[in-house]
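Today I am opening my notebook on a new model. I will jot down what I look up as I go.

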Amino acid sequence: MKKLLLLVLATSFSTYAFSQSQRLCLFEEFTSENCPPCASTNPGLNALLNANPEKVVSIKYQNDIPSAGPMYGHNSVDVEARQSFYANSYSPNGILDGNVYNDQPATLTQSIISNRYAVTSPFTIAVSHYLSPAHDSIYAHATITCTGATSATMVAHLVIIERNVYFTTAPGSNGEKTFEGVMKKMLPTNAGTSMAASQTVGLITNLDYSWKLANVYDTNQLAVVAFVQNTSTKQVYQTGYSRTHIANDAGITD
């Protein structure tokens with residue numbers, strides 16, 4: 001009887017452990033190279049995000065508020081789609097995991113990030129990418145594994161970002177010369193990839209997409225973010241990240 005009890009307890013523990021996955025948070029920001037408040041907010045915001053590389057990854061949408069800059073013109077379709085999804089009408093605006101935080105990014109704190117990071121996720125996401133030999137195309141793969149039964153209408157997004165973009169002369173009117181996590185392309189489109197509404201433990205969803213590069217400043221700075229999002233509540237269940245293929249993509253260092 002004791003052996004049977006121990007076996008039952010061990011089985012219960014392993015099932016429980018398997019259903020809990022460490023979360024990686026997603027921070028999305030609507031910003032613009034022509035937005036004065038963005039220029040004053042982003043340095044502090046980026047410092048906070050870069051201090052938590054194991055807890056959060058960011059995607060920045062260069063929008064047209066108050067006016068369009070060159071990076072908005074590189075992919076206005078995907079930017080506008082995300083603005084419409086969140087009903088965003090100002091810059092800068094920051095959103096953590098879809099519906100956990102939606103506010104002026106200067107109000108984001110370490111506690112907000114840490115508290116969300118402590119909430120387990122029903123998915124794990126492994127992401128990888130590589131460039132073609134000519135560095136004119138990127139190939140991205142994500143494996144999304146359900147570790148906790150979940151039922152909802154959800155999509156998986158695969159996003160190409162340029163981790164760091166450096167200018168010697170500010171491209172816009174607000175004086176910013178350094179930009180982080182700039183969204184370049186959402187694959188296959190900004191609608192994402194539909195996932196099974198009923199996710200059972202062990203169910204795997206694979207994403208494999210490629211993109212012919214356009215308007216990329218430095219191919220060495222390309223990285224890939226994947227995330228699963230509820231289309232109704234906007235909650236982001238989990239995020240995965242494939243880092244740049246350089247030694248350190250943490251940001252600016254002197």
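Is Cys35 buried or exposed? I find Cys35 buried, as its relative accessible area is 1%; buried means under 20% relative accessible area, exposed over 50% and partly exposed in between, with a 1.4 Å probe and protein chains only.

A note on the ground rules: this is a predicted model, where local features need pLDDT of at least 70, side-chain atom pairs count only at pLDDT 80 or more, and totals for chains, interfaces and linings use all residues. Residues are numbered from 1 along each chain as its sequence is written, and side-chain values use heavy atoms, with hydrogens and water left out.

**Entry: Cys35.** I place Cys35 in the loop between strand E1 (25–31) and H2. Helices (H or I, at least four residues) and strands (E, at least two) are DSSP runs, numbered from the N terminus. Leaving aside neighbours within four places in sequence, Cys35 is in contact (heavy atoms within 4.5 Å) with Ile65, Pro66, Ser91, Pro92 and Asn174. I also looked up Ser67: its C-alpha atom is 7.8 Å from that of Cys35, though the two are 32 residues apart along the chain.

**Entry: Lys55.** I turned to the loop between helix H2 (36–50) and strand E2 (56–62), where Lys55 sits. What does the side chain of Lys55 make a polar contact with? I see the side chain of Ser114, at 3.1 Å. (A polar contact is a pair of N or O atoms within 3.5 Å; within protein, one must be able to donate a hydrogen and the other to accept it, and residues adjacent in sequence count only if both atoms are side-chain atoms.) Beyond neighbours within four places in sequence, the contacts of Lys55 include Leu24, Cys25 and Tyr117.

**Entry: strand E8.** I count 12 of the 13 residues of E8 as buried. E8 runs antiparallel to E13, with 9 bridges joining them, and antiparallel to strand E9 (residues 178–187), with 8 bridges. Two strands pair if DSSP finds at least two bridges between them. I noted Leu222 in E13 as the bridge partner of Glu162, and Met183 in E9 as that of Ile161.

**Entry: the core.** I looked up the largest nonpolar core and found 24 residues, with Ile138 and Ile160 among those with the most contacts inside it. (Such a core is a set of buried Ala, Val, Leu, Ile, Met, Phe, Trp, Tyr and Cys residues joined through side-chain atoms within 4.5 Å.) Strands E5 (123–131) and E8 (154–166) are among the elements giving two or more residues to this core, while E6 gives the most, with 5 residues.
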